[in-house]
Each structure stands twice: as structure tokens, then as C-alpha cells.
Amino acid sequence: HATDSKVGEVLLYYCYCEVKDPEKLCAWQQALCQHLHLTGKVRVASEGINGTVGGSKVATSLYIEVMLSQPLFKDILCQEDFKSSAGGAHCFPDLRVGVFKEIVPMGIDPKIVSYKETGGHLSPQEFHREVEQYLSQASQGESDTILLDCRNFYESKIGHFQGCLAPDIRKFSYFPSYVDENLELFKDKRVLMYCTGGIRCERGSAYLRSKAVCREVYQLKGGIHKYLEEFPDGFYRGKLFVFDDRYAICSNEDIISACRYCGTLWDQYKLCSSQHCRQLVLTCPSCRNKGLTACCPVCQEKELKVISRASGQTIKEECECTRRRPRVPIEHASQRMLDAGK
């Protein structure tokens with residue numbers, strides 16, 4: 001389908017609602033996607049649905065139409081809730097629809113911390129004004145606000161809001177521990193949170209609020225996706241990481257990250273070339289040509305050993321990158337605010 005790659009799109013959406021029969025919804029969703037030849041990932045749970053699917057423009061608009069008329073979502077989901085970007089079915093290897101405990105894997109039982117306790121939602125315009133105010137106060141060293149990126153380190157590395165605090169975590173399920181270990185940081189603060197499409201903030205902000213230390217907690221409605229539609233050249237710099245074969249979508253020309261090996265500006269991820277490793281690596285074309293294609297020297301060496309051994313036994317997915325990174329970083333008073341000064 002390479003020919004229609006430009007005319008297709010990828011949708012990202014979620015809907016929190018009560019689902020009495022997740023298995024049934026799952027089967028319906030699977031059939032719908034297959035019928036429309038959509039690929040992607042859809043998570044169904046008793047707390048709702050979360051999906052990202054790719055296909056032709058005709059298929060994706062039909063999908064939205066059907067989703068909006070489904071009685072379960074009818075009064076909750078609206079056209080605005082679907083974020084779209086150029087792509088298609090080729091952006092995902094296949095279609096995966098499944099039933100899970102949570103529609104976004106934070107690792108906390110939804111009965112304990114519910115999306116219903118979420119922070120206040122700010123439109124892209126409101127969020128933009130808040131960030132503007134925060135940056136001007138921060139430059140005078142008098143801000144009581146934290147601009148919090150609740151994505152993973154490899155996402156914020158290639159694109160983030162100026163002056164944000166971006167936790168060095170590898171999975172969203174480490175976010176609750178991050179909050180627990182850094183409660184002092186959030187004490188009496190106004191927190192402005194954001195993520196890709198808004199869903200991680202729904203649970204993340206609820207978790208933060210449950211700790212009762214912040215003065216206020218707000219989140220960006222529709223996530224970076226919706227913000228970039230309105231402010232392609234606003235306070236978010238760099239690319240937007242996406243969880244499909246594109247890895248990133250771009251709204252401005254900024255490159256804010258560097259090649260792992262030579263330090264030249266580079267922000268296009270590739271999978272580590274070592275078979276056992278699932279990490280992403282930023283390695284520029286000239287370093288790739290020199291054979292530097294793994295995420296770190298340990299992986300590079302393992303790869304050579306594996307090639308020479310070739311007995312088919314796999315090595316556990318672990319390397320220097322993972323070992324060196326504390327699972328949950330402790331922020332120090334000096335707070336690692338990313339390029340706040342810019």
C-alpha cells in the first residue's frame with residue numbers, strides 16, 4: 001500500500017466510561033477494525049477504551065463515525081477526541097485488540113486511583129497562556145509552578161515543552177513511584193501536566209492529586225497532539241514521539257537531541273541493532289555507516305558475540321543503558337528543568 005501512504009492517517013483516541021462487558025466490546029472492536037482494514041493497537045477495559053489505529057482516510061473517517069454512534073460512547077466521545085496525523089495501515093505491523101485491567105498501563109488498580117479524580121483540563125490556548133506565564137516567572141526565578149512531562153525519557157528526549165521537568169523514567173508504570181519518591185518537589189506547587197494525547201495525564205494527575213500535596217493540578221486536554229495543531233511553533237520544541245513505526249511526527253524544524261555516539265544534532269530513532277534489545281537509539285547516518293548501530297557499547301559487543309555464537313539462544317533484555325539508569329530518579333532541589341532559560 002506504499003502508494004496511498006500519504007493519503008492515509010493514524011488516529012489516536014481514548015474514552016473513559018463504564019464498560020459492563022469488556023470481552024464483548026473487544027470482539028466488536030476487532031471485527032470493526034478488520035472490516036475497515038485498520039491496523040494498530042486497541043486496549044479495552046471495564047474503565048473504557050484506548051486506541052491508535054491506521055488506515056485509509058475513508059476507513060478512518062468511517063471508524064470515527066461508527067465509534068461516535070456506538071451507544072457506550074455516544075454521549076462521552078466527540079469528533080474532537082480523535083487526534084489524527086498523516087500515516088496509514090503501514091505504520092503498524094498488525095492489529096492488536098485486547099482486554100486489560102487499565103486502558104493506560106500505570107500499574108495502579110483503577111478502583112484505587114480513578115480517572116474520575118483527575119486534574120483540571122486546560123485547552124491548548126489556556127495551556128499556552130499558562131506556560132507563557134510560567135516561563136516569564138521562572139526566568140525571574142520566582143515560579144511556584146512545575147511544568148511536568150509525564151512521558152518516558154526517550155519521548156521527552158526528542159521533544160518537550162521549554163522549561164519542563166521530564167522524569168528520567170522508562171515506563172509509565174514507574175510514574176507513581178516517581179511521584180512518591182519526589183513528593184517534596186511537588187509540595188504546595190501548581191502542576192501543569194502534559195503527555196502525548198492526554199490519557200496518561202488522566203490517571204497521572206489523579207495519582208498526584210491523591211497524594212494531597214500540590215496546590216493545584218492541571219493537565220493539557222488532548223495532549224501535545226492538540227497543542228501542536230494550534231501552536232505548531234509554540235513552546236513545544238522538537239518532535240512528538242509516537243508509538244508506531246514512524247517513531248516521531250514533526251511540527252517544527254527544531255532538533256533538540258543528539259547522536260548517541262558523536263553528539264551531532266539528530267532525532268530519528270532506530271531500534272538497537274542487537275537482537276535481544278528493544279531499546280531505541282539515536283545514531284546518525286555517519287555513525288551508522290561506521291557500524292555504531294546499538295544503543296550502547298555493551299549491546300554492540302553482545303551483538304558481535306551473538307553473531308559469532310549463532311546458536312539461537314537469546315540473551316536477557318538488559319544492557320548498560322538499563323542497568324545504569326535508576327528505576328526511579330530522585331530529583332534534587334536544583335530540579336532538572338529542561339532548558340528553562342531558553
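Which strands does helix 7 (residues 199–210) lie across? Helix 7 lies across strand 6, strand 7, strand 9 (190–194) and strand 10, and runs at about 175° to strand 10. The model is predicted: local features need pLDDT of at least 70, side-chain atom pairs count only at pLDDT 80 or more, and totals for chains, interfaces and linings use all residues. Residues are numbered from 1 along each chain as its sequence is written, and side-chain values use heavy atoms, with hydrogens and water left out.

**Terms**
- Helices (H or I, at least four residues) and strands (E, at least two) are DSSP runs numbered from the N terminus.
- Axes are lines fitted to C-alpha atoms, for helices over the stretch in contact, and angles run from 0 to 180 degrees between N-to-C directions.

- Four strands form an open sheet in the order 6-10-9-7, with parallel pairing (two strands pair if DSSP finds at least two bridges between them).
- Strand 6 (120–122) and strand 7 (145–149) are at the edges with a single partner strand each, so one side of each has no neighbour in the sheet.
- On average, neighbouring strands of this sheet are turned by 25° against each other, direction ignored.
- Three bridges join strand 6 to strand 10 (residues 216–220) in the parallel sense.
- Gly120 has Tyr218 in strand 10 as its bridge partner.

**Helix 1 and helix 2**
- The axes of helix 1 (residues 22–35) and helix 2 (residues 57–69) cross at roughly 155° and come within 11 Å.
- Helix 1 is therefore roughly antiparallel to helix 2 (angles over 145 degrees count as such).
- Trp28, Gln29, Leu32 and Cys33 of helix 1 meet Tyr63, Val66 and Met67 of helix 2 (contact means heavy atoms within 4.5 Å).

Conventions
Angles under 35 degrees count as roughly parallel, over 145 as roughly antiparallel, 65 to 115 as roughly perpendicular and the rest as oblique.
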